[in-house]
Amino acid sequence: MFRFLPGQYTDSADWLATPRARLFLQYERRVLAQLLPNLTGYRCVQIGSWGHERATLASAGTLCQWQLGFGSACRADVGFDGRHLPLASGSVDALVLAHALEQVAEPHVLLRECARVLNARGQLVILAFNPWSLWAMRQRLPARRAPRFQPCSAPPSASRLYDWLRLLEFEPERLVRYGLGFPFFGGYHRVGEDRRSARCIAWCAQSYALLARRQVAPRTPIRKPLPGQRKRAAVGLARQASHRVRCRR
(Lines give C-alpha, C1' and ligand atoms only; values in the text may rest on other atoms or scores of the structure.)
Protein backbone atom coordinates (compact mmCIF):
# COMPACT_ATOMS: atom_id res chain seq x y z
CA MET A 1 0.00 0.00 0.00
CA PHE A 2 2.20 2.88 1.27
CA ARG A 3 5.92 3.30 1.73
CA PHE A 4 6.61 4.63 5.20
CA LEU A 5 9.17 7.19 6.33
CA PRO A 6 10.90 6.75 9.69
CA GLY A 7 10.65 9.46 12.31
CA GLN A 8 8.18 11.06 14.67
CA TYR A 9 6.31 12.88 11.90
CA THR A 10 6.59 13.48 8.17
CA ASP A 11 6.06 16.38 5.80
CA SER A 12 3.90 16.00 2.67
CA ALA A 13 4.62 19.38 1.04
CA ASP A 14 6.11 17.80 -2.11
CA TRP A 15 3.03 15.69 -2.78
CA LEU A 16 0.64 18.56 -2.01
CA ALA A 17 2.34 20.67 -4.69
CA THR A 18 1.35 18.25 -7.48
CA PRO A 19 -1.66 19.12 -9.70
CA ARG A 20 -3.55 15.98 -8.69
CA ALA A 21 -3.12 16.79 -5.00
CA ARG A 22 -4.40 20.35 -5.51
CA LEU A 23 -7.47 18.93 -7.25
CA PHE A 24 -7.96 16.53 -4.36
CA LEU A 25 -7.86 19.43 -1.89
CA GLN A 26 -10.61 21.20 -3.79
CA TYR A 27 -12.94 18.24 -3.42
CA GLU A 28 -11.92 17.82 0.20
CA ARG A 29 -12.93 21.41 0.97
CA ARG A 30 -16.44 20.57 -0.21
CA VAL A 31 -16.64 17.78 2.33
CA LEU A 32 -15.33 20.04 5.10
CA ALA A 33 -17.90 22.67 4.17
CA GLN A 34 -20.59 20.18 5.22
CA LEU A 35 -18.94 18.95 8.43
CA LEU A 36 -17.34 22.04 9.98
CA PRO A 37 -20.56 24.10 10.41
CA ASN A 38 -21.83 21.32 12.71
CA LEU A 39 -19.05 22.07 15.22
CA THR A 40 -20.14 24.24 18.13
CA GLY A 41 -18.40 25.80 21.10
CA TYR A 42 -15.72 28.39 21.74
CA ARG A 43 -12.37 26.86 20.69
CA CYS A 44 -11.60 24.81 17.57
CA VAL A 45 -8.07 23.54 16.86
CA GLN A 46 -6.83 21.96 13.63
CA ILE A 47 -4.01 19.45 14.05
CA GLY A 48 -1.76 19.19 11.03
CA SER A 49 -0.93 22.02 8.64
CA TRP A 50 -2.52 20.28 5.66
CA GLY A 51 -2.95 22.16 2.38
CA HIS A 52 -6.22 23.86 3.38
CA GLU A 53 -6.50 27.61 3.73
CA ARG A 54 -7.47 29.41 6.90
CA ALA A 55 -10.79 30.34 5.32
CA THR A 56 -11.78 26.66 5.34
CA LEU A 57 -11.31 26.37 9.09
CA ALA A 58 -13.17 29.66 9.57
CA SER A 59 -16.36 27.97 8.37
CA ALA A 60 -16.54 26.06 11.67
CA GLY A 61 -19.33 27.02 14.05
CA THR A 62 -16.90 27.85 16.88
CA LEU A 63 -15.88 31.38 17.88
CA CYS A 64 -12.07 30.94 17.73
CA GLN A 65 -9.87 28.74 15.53
CA TRP A 66 -6.19 27.82 15.79
CA GLN A 67 -3.84 25.54 13.88
CA LEU A 68 -1.14 23.21 15.20
CA GLY A 69 1.63 21.97 12.93
CA PHE A 70 4.44 19.43 13.15
CA GLY A 71 7.84 20.84 14.02
CA SER A 72 9.01 24.38 14.61
CA ALA A 73 9.36 25.33 10.92
CA CYS A 74 5.67 24.93 10.07
CA ARG A 75 3.37 27.79 9.06
CA ALA A 76 0.82 26.99 11.77
CA ASP A 77 0.17 29.02 14.89
CA VAL A 78 1.94 26.54 17.18
CA GLY A 79 4.29 23.63 16.46
CA PHE A 80 4.52 20.39 18.44
CA ASP A 81 6.35 17.07 18.30
CA GLY A 82 3.42 14.93 17.09
CA ARG A 83 2.93 13.21 20.44
CA HIS A 84 2.11 15.75 23.15
CA LEU A 85 -0.42 18.47 22.43
CA PRO A 86 0.50 21.80 24.09
CA LEU A 87 -3.06 22.25 25.35
CA ALA A 88 -4.66 21.99 28.78
CA SER A 89 -6.92 19.06 29.58
CA GLY A 90 -10.58 19.65 28.75
CA SER A 91 -9.92 23.07 27.21
CA VAL A 92 -11.00 22.50 23.59
CA ASP A 93 -14.52 22.19 22.15
CA ALA A 94 -13.66 20.81 18.69
CA LEU A 95 -10.65 19.22 16.98
CA VAL A 96 -9.98 18.73 13.27
CA LEU A 97 -7.35 16.12 12.37
CA ALA A 98 -6.41 16.96 8.77
CA HIS A 99 -4.64 13.72 7.80
CA ALA A 100 -2.64 13.95 11.01
CA LEU A 101 -2.93 10.24 11.85
CA GLU A 102 -0.90 9.31 8.77
CA GLN A 103 1.81 11.89 9.47
CA VAL A 104 2.75 10.72 12.98
CA ALA A 105 4.52 7.54 14.02
CA GLU A 106 1.97 6.56 16.70
CA PRO A 107 -1.56 7.58 15.69
CA HIS A 108 -3.23 5.96 18.72
CA VAL A 109 -1.10 8.13 21.02
CA LEU A 110 -2.30 11.23 19.19
CA LEU A 111 -5.91 10.10 19.58
CA ARG A 112 -5.43 9.71 23.34
CA GLU A 113 -4.08 13.24 23.47
CA CYS A 114 -7.16 14.44 21.58
CA ALA A 115 -9.40 12.74 24.13
CA ARG A 116 -7.46 14.46 26.90
CA VAL A 117 -7.77 18.02 25.60
CA LEU A 118 -11.43 17.75 24.55
CA ASN A 119 -14.15 18.53 27.05
CA ALA A 120 -16.99 16.17 27.98
CA ARG A 121 -19.04 17.14 24.90
CA GLY A 122 -16.16 17.70 22.51
CA GLN A 123 -16.39 17.06 18.78
CA LEU A 124 -13.79 15.45 16.56
CA VAL A 125 -13.43 15.57 12.76
CA ILE A 126 -10.88 13.18 11.23
CA LEU A 127 -9.68 13.18 7.62
CA ALA A 128 -7.74 10.08 6.63
CA PHE A 129 -6.76 8.14 3.54
CA ASN A 130 -8.30 4.75 2.93
CA PRO A 131 -5.60 2.04 3.08
CA TRP A 132 -7.74 -0.31 0.93
CA SER A 133 -8.29 2.13 -1.93
CA LEU A 134 -6.90 1.71 -5.42
CA TRP A 135 -5.00 4.98 -5.01
CA ALA A 136 -3.18 3.61 -1.94
CA MET A 137 -2.10 0.55 -3.90
CA ARG A 138 -0.75 2.72 -6.71
CA GLN A 139 1.49 4.60 -4.28
CA ARG A 140 3.66 1.50 -3.95
CA LEU A 141 4.33 1.07 -7.66
CA PRO A 142 8.04 1.71 -8.43
CA ALA A 143 7.46 3.26 -11.88
CA ARG A 144 6.03 6.57 -10.64
CA ARG A 145 8.03 9.75 -11.35
CA ALA A 146 5.73 12.23 -9.61
CA PRO A 147 6.15 12.74 -5.84
CA ARG A 148 4.13 10.22 -3.90
CA PHE A 149 2.49 10.50 -0.53
CA GLN A 150 4.69 8.73 2.02
CA PRO A 151 3.09 8.57 5.48
CA CYS A 152 4.93 7.99 8.70
CA SER A 153 2.55 5.18 9.71
CA ALA A 154 -0.19 3.12 8.11
CA PRO A 155 -3.46 5.08 7.98
CA PRO A 156 -6.23 3.26 9.88
CA SER A 157 -9.27 2.00 8.07
CA ALA A 158 -12.69 3.36 8.97
CA SER A 159 -13.69 0.23 10.87
CA ARG A 160 -10.50 0.23 12.95
CA LEU A 161 -10.88 3.93 13.66
CA TYR A 162 -14.42 3.24 14.88
CA ASP A 163 -13.01 0.79 17.45
CA TRP A 164 -10.31 3.21 18.61
CA LEU A 165 -12.81 6.02 19.11
CA ARG A 166 -15.28 3.91 21.06
CA LEU A 167 -12.52 2.86 23.45
CA LEU A 168 -11.88 6.57 24.10
CA GLU A 169 -15.60 7.27 24.79
CA PHE A 170 -16.33 8.75 21.35
CA GLU A 171 -19.45 7.97 19.38
CA PRO A 172 -19.11 8.28 15.56
CA GLU A 173 -22.02 10.19 14.04
CA ARG A 174 -21.26 10.63 10.33
CA LEU A 175 -18.97 8.98 7.78
CA VAL A 176 -18.31 10.48 4.34
CA ARG A 177 -16.22 8.72 1.68
CA TYR A 178 -14.76 10.75 -1.17
CA GLY A 179 -11.78 11.05 -3.48
CA LEU A 180 -10.53 11.24 -7.04
CA GLY A 181 -10.94 8.48 -9.55
CA PHE A 182 -12.97 5.33 -9.00
CA PRO A 183 -15.62 5.04 -7.60
CA PHE A 184 -16.91 8.61 -7.10
CA PHE A 185 -14.62 10.59 -9.48
CA GLY A 186 -14.51 13.71 -7.34
CA GLY A 187 -17.84 13.20 -5.63
CA TYR A 188 -18.62 11.90 -2.15
CA HIS A 189 -20.91 9.40 -0.49
CA ARG A 190 -22.47 9.88 2.94
CA VAL A 191 -22.65 6.42 4.44
CA GLY A 192 -26.11 5.67 5.77
CA GLU A 193 -27.66 8.78 4.18
CA ASP A 194 -27.17 8.56 0.40
CA ARG A 195 -28.28 5.84 -1.98
CA ARG A 196 -27.71 2.27 -0.89
CA SER A 197 -26.46 1.11 -4.28
CA ALA A 198 -23.11 2.86 -3.66
CA ARG A 199 -22.35 1.01 -0.42
CA CYS A 200 -20.82 -1.98 -2.18
CA ILE A 201 -18.15 0.20 -3.86
CA ALA A 202 -17.76 2.99 -1.28
CA TRP A 203 -15.14 1.01 0.66
CA CYS A 204 -12.54 1.55 -2.10
CA ALA A 205 -12.77 5.36 -2.15
CA GLN A 206 -9.53 7.30 -1.81
CA SER A 207 -10.28 8.99 1.51
CA TYR A 208 -12.92 9.36 4.21
CA ALA A 209 -14.04 11.93 6.76
CA LEU A 210 -15.43 10.99 10.16
CA LEU A 211 -17.38 13.14 12.61
CA ALA A 212 -17.47 11.86 16.20
CA ARG A 213 -18.72 13.31 19.48
CA ARG A 214 -17.37 12.52 22.89
CA GLN A 215 -19.84 10.97 25.32
CA VAL A 216 -18.47 10.70 28.82
CA ALA A 217 -20.76 8.83 31.20
CA PRO A 218 -21.38 10.76 34.45
CA ARG A 219 -19.79 9.13 37.45
CA THR A 220 -21.62 9.33 40.79
CA PRO A 221 -19.16 9.32 43.70
CA ILE A 222 -19.77 6.71 46.41
CA ARG A 223 -20.21 8.37 49.77
CA LYS A 224 -18.51 6.63 52.64
CA PRO A 225 -20.46 6.38 55.91
CA LEU A 226 -19.36 8.66 58.70
CA PRO A 227 -17.67 7.08 61.73
CA GLY A 228 -20.27 6.05 64.29
CA GLN A 229 -23.15 6.19 61.82
CA ARG A 230 -25.36 3.10 61.79
CA LYS A 231 -26.65 1.56 58.60
CA ARG A 232 -30.41 1.80 58.27
CA ALA A 233 -32.45 -1.02 56.90
CA ALA A 234 -34.13 -0.47 53.56
CA VAL A 235 -37.74 0.63 53.90
CA GLY A 236 -40.46 -1.26 52.06
CA LEU A 237 -38.76 -4.63 51.86
CA ALA A 238 -40.66 -7.69 53.04
CA ARG A 239 -39.17 -9.59 55.92
CA GLN A 240 -38.02 -13.10 55.32
CA ALA A 241 -40.43 -15.66 56.79
CA SER A 242 -39.03 -17.84 59.55
CA HIS A 243 -41.32 -20.80 58.77
CA ARG A 244 -42.85 -22.34 55.71
CA VAL A 245 -46.27 -21.32 54.50
CA ARG A 246 -48.46 -24.14 53.26
CA CYS A 247 -50.30 -23.50 50.05
CA ARG A 248 -53.57 -25.23 49.27
CA ARG A 249 -54.32 -25.97 45.69
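How many salt bridges does the structure hold? The structure holds 4 salt bridges, a salt bridge being a side-chain nitrogen of Lys or Arg within 4 Å of a carboxyl oxygen of Asp or Glu.

Before I discuss them, a word on the source. This is a predicted model, in which local features need pLDDT of at least 70 and side-chain atom pairs count only at pLDDT 80 or more, while totals for chains, interfaces and linings use all residues. Residues are numbered from 1 along each chain as its sequence is written, and side-chain values use heavy atoms, with hydrogens and water left out.

I shall begin with the pair formed by Glu-106 and Arg-83. Their side chains meet in a salt bridge at 2.2 Å, N to O. This pair links distant parts of the chain, 23 residues apart: Glu-106 sits in the loop between β4 (92-98) and α4, and Arg-83 in the loop between β3 (78-80) and β4. Helices (H or I, at least four residues) and strands (E, at least two) are DSSP runs, numbered from the N terminus. Glu-106 is partly exposed, with a relative accessible area of 31%, and Arg-83 is partly exposed, with a relative accessible area of 31%. On this scale, buried means under 20% relative accessible area, exposed over 50%, and partly exposed in between, with a 1.4 Å probe and protein chains only.

The next pair lies within helix α4. The side chains of Arg-116 and Glu-113 form a salt bridge of 2.9 Å, N to O. Because they are 3 residues apart in helix α4, about one helical turn separates Arg-116 and Glu-113. Arg-116 is partly exposed at 28%, whereas Glu-113, at 13% relative accessibility, counts as buried.

A further salt bridge joins Glu-173 and Arg-213, whose closest N and O atoms are 2.9 Å apart. Glu-173 lies in strand β6 (residues 170-178) and Arg-213 in strand β8 (residues 207-214), so the pair ties together parts 40 residues apart in sequence. Glu-173 is partly exposed at 43% relative accessibility, while Arg-213 is buried at 19%.

Let us return to helix α4. Is this helix mostly covered or mostly uncovered? It is mostly covered, for 8 of its 11 residues are buried. Among the buried residues of α4 are Pro-107, Val-109, Leu-110 and Cys-114.

How does α4 lie relative to α6? The axes of helix α4 (residues 107-117) and helix α6 (residues 158-167) come within 10 Å and cross at roughly 40°. Axes are lines fitted to C-alpha atoms, for helices over the stretch in contact, and angles run from 0 to 180 degrees between N-to-C directions. The two helices, α4 and α6, are therefore oblique to each other; angles under 35 degrees count as roughly parallel, over 145 as roughly antiparallel, 65 to 115 as roughly perpendicular and the rest as oblique.

Turning to strand β1 (residues 43-47), Arg-43 is found there. Arg-43 counts as partly exposed, at 36% relative accessibility. Although 49 residues separate Arg-43 and Val-92 in sequence, their C-alpha atoms are 5.4 Å apart in space.

Finally, the surface. Which residues form a nonpolar patch there? They are Leu-134, Met-137, Phe-182 and Phe-185, with about 430 Å² of accessible area together. Patches are made of residues with over 30% relative accessible area and no salt bridge: like charges are joined within 9 Å, nonpolar side chains (Val, Leu, Ile, Met, Phe, Trp, Tyr) within 5 Å. Accessible areas come from the Shrake-Rupley method with a 1.4 Å probe, and for residues only the protein chains shown count as cover. Leu-134 belongs to helix α5 (residues 134-138) and is partly exposed at 46% relative accessibility.
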